[in-house]
Amino acid sequence: MVYRLLADATAIAHFAFVAYVVVGGFIAWRWPRTFWLHLLAFGWGFSTVLFKVECPLTNLENWARHRAGEAGLPPSGFIDHYITGVLYPRSALEEVRVVVVVCVGVSWVGLYLLSRRRAAAPS
């Protein structure tokens, strides 16, 4: 039971991380110092997709699921198992990736414009 809870908690943390990669730049509009954390998260998330870097959260979930007597994630990983084909059709994968990059780009440009406006505002 403990391993099943660990696996489920890891999956929840993984979902939160993926969501943060997508919208963390917008969070930085409110809390600008979090931009650097988002930059690191995006860099890691981007590298796992682009360079096929193994994600430690996927490894932890697999380990816990196996210890709980369950099947682990498929070799294609977390996103392919839980998100692709569930939240959007598999045929739209490349378009979704483009939308994610555009979303992050818009959030970063918006943060830059907001920071310029804040710097120019009289105190």
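Student: Why does Leu 50 count as partly exposed?

Tutor: Its relative accessibility is 49%. Buried means under 20% relative accessible area, exposed over 50%, and partly exposed in between (1.4 Å probe, protein chains only). So Leu 50, at 49%, counts as partly exposed. A caution on sources: this is a predicted model, where local features need pLDDT of at least 70, side-chain atom pairs count only at pLDDT 80 or more, and totals for chains, interfaces and linings use all residues. Residues are numbered from 1 along each chain as its sequence is written, and side-chain values use heavy atoms, without hydrogens and water.

Student: Why is Cys 55 called buried?

Tutor: Cys 55 has 14% relative accessibility, so it counts as buried.

Student: What makes Cys 103 partly exposed?

Tutor: Its relative accessible area is 21%.

Student: What makes up the largest nonpolar core?

Tutor: Six residues: Ala 11, Val 18, Leu 73, Phe 78, Ile 83 and Tyr 88. A nonpolar core is a set of buried Ala, Val, Leu, Ile, Met, Phe, Trp, Tyr and Cys residues joined through side-chain atoms within 4.5 Å. A second, separate core has five residues, including Tyr 20, Val 21, Ala 41 and Val 104.
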